[in-house]
Amino acid sequence: MTKQQQHIAIFTTASLPWLTGTAVNPLFRAAYLAKDGQRRVTLVIPWLTLNHQLLVYPNNITFASPSHQEAYVRRWLEERLSFPLGFEIRFYPGKFATDKRSILPVGDISDAIPDEEADIAVLEEPEHLTWFHHGRKWKTKFNYVIGIVHTNYLEYVKREKQGRLKAFLLKYLNSWVVGIYCHKVIRLSDATQEYPKSIVCNVHGVNPKFLEIGLKKLEQQKLQEQPFTKGAYYIGKMVWSKGYKELLKLLKKHQKELAGLEVDLYGSGEDSEEIKEAARKLDLTVNVYPGRDHADPLFHNYKVFLNPSTTDVVCTTTAEALAMGKIVVCADHTSNEFFKQFPNCRVYDDGKGFVRATLKALGEQPSQLTEQQRHELSWEAATQRFIRASDLNRLARADSNLSKRSLFASSSISVGKNLEDMSAYIHFLASGFETSRTAFGAIPGSLQPDEELCKDLGLTLKTPSRNSLKQD
């Protein structure tokens, strides 16, 4: 039998124009996995109705149809890559949860890939995609399911009211659903929750534009020109949990030692006004500006990137700053382990260490990155790491899809012999009722796509009923 081409379906929890990590990184992953033409790749992203688009997409950008959004996504990526895009884009129905500031799936999103095409699934944020999953078991529909853990949910939840209790419960829920639905789990760093069958590997790279900027700065350094004419800055979504709380606390506590320091903050978010007010109260000069693309020429001449955040798993903006040849001052935290290999990464343990690292960075020139160091930051290297970590090259496409066709009911006699299948069935039942779903935080009415979502995506409107409780 001739080995068939692998089909990799990448499911993620966000899409452009929302410039969040789970929108941008899976997009580059799809492009680079498809680059050599050896694999068929499909990126599956959420589609939101107009009302929900207005809640999440910046600058009132909206799309009348999935094809319009696809054109926007492809154009954005084409402007940043030098090779043709060889992957497909499909959409699944989603809704924006204002309380979680996240897009949650609606219905069985695995339906976006027809049975005959289902081979390998990559779940970007597997816990997020499966908390409320009600449909086919991912491991049954797909021959191999890889989860990539992006987010330190436990750290975020701990900051909420009754945070420790919520984090305790969420930890077990995450372990449950990820264990049920994934064969392999890749954690971007040790800053994430631990999972069985998981390995730690940073499978993210940086937008090639940042490496190009870094090369230009390197040429300026070689010509003994002044490549960096500005001081320190930070960029990130303007919410307290994204490092602003830690940064402003450090600046406030050490104002005397840092006298004369000027820091520019760039970001937009729901805590913008509070952060501006806190910055105004400092004796130091802290300027607060709206968010913008990190590749904007405005940022090219900054020398020092300050990032005290400890909620990130692997901070994209830190990688981007290093790629541009800047010095990064960051906390000695597991989320920054990957970056410690670079000479321009300066870590600190406490407030005094932050002061020393910041003043030292401002007083010297960044080291010149080697070709190998630049490669380590690239998407080419990240894709190689992903292929190794996920064992993609060792996988062979299954001969038959018959196992995917059987209904759960027809195999229910054997369920008791398999603890995982029984566990999956319990989750399937619990996620099939509106009361239990909403009790655990699902968006009301998200069991099946509503009429508007069905119309936008060309789906058949389904009416949930007890008779629909069947699973592969």
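K139 counts as buried, at 14% relative accessibility; here buried means under 20% relative accessible area, exposed over 50%, and partly exposed in between, worked out with a 1.4 Å probe and protein chains only. This is a predicted model, where local features need pLDDT of at least 70 and side-chain atom pairs count only at pLDDT 80 or more, while totals for chains, interfaces and linings use all residues. Residues are numbered from 1 along each chain as its sequence is written, and side-chain values use heavy atoms, with hydrogens and water left out.

So what does K139 pair with? K139 forms a salt bridge with E420, and their closest N and O atoms are 2.9 Å apart. K139 sits in helix α5 (residues 138-141) and E420 in helix α16 (residues 419-430), so the bridge ties together parts that are 281 residues apart in sequence. E420 is partly exposed, at 26% relative accessibility.

A quick word on terms. A salt bridge is a side-chain nitrogen of Lys or Arg within 4 Å of a carboxyl oxygen of Asp or Glu. Helices (H or I, at least four residues) and strands (E, at least two) are DSSP runs, numbered from the N terminus. As a rule, side chains of opposite charge can pair when their charged atoms come close.

How many salt bridges does a search of the whole structure find? The answer is 31. Here are some of them:

| Pair | Closest N and O atoms |
|---|---|
| K139 and E420 | 2.9 Å |
| D391 and K184 | 3.2 Å |
| D293 and R80 | 3.3 Å |

D293 and R80 form a salt bridge. This pair links distant parts of the chain, 213 residues apart: D293 is in the loop between β11 (285-289) and β12 (302-307), and R80 is in the loop between α3 (66-78) and β3 (88-97). D293 is partly exposed at 30% relative accessibility, while R80 is buried at 14%.

D391 and K184 are also joined by a salt bridge. They too link distant parts of the chain, 207 residues apart, with D391 in the loop between α14 (379-390) and α15 (402-405) and K184 in strand β7 (residues 184-187). D391 is partly exposed at 21% relative accessibility, and K184 is buried with a relative accessible area of 15%.

Elsewhere, R40, E88, R90 and E117 are linked in a network of salt bridges.

Strand β10 (residues 262-266) pairs with β11 in the parallel sense over 5 bridges, and the bridge partner of D264 in β11 is N287.

How values were computed: Pairing = 2+ DSSP bridges.
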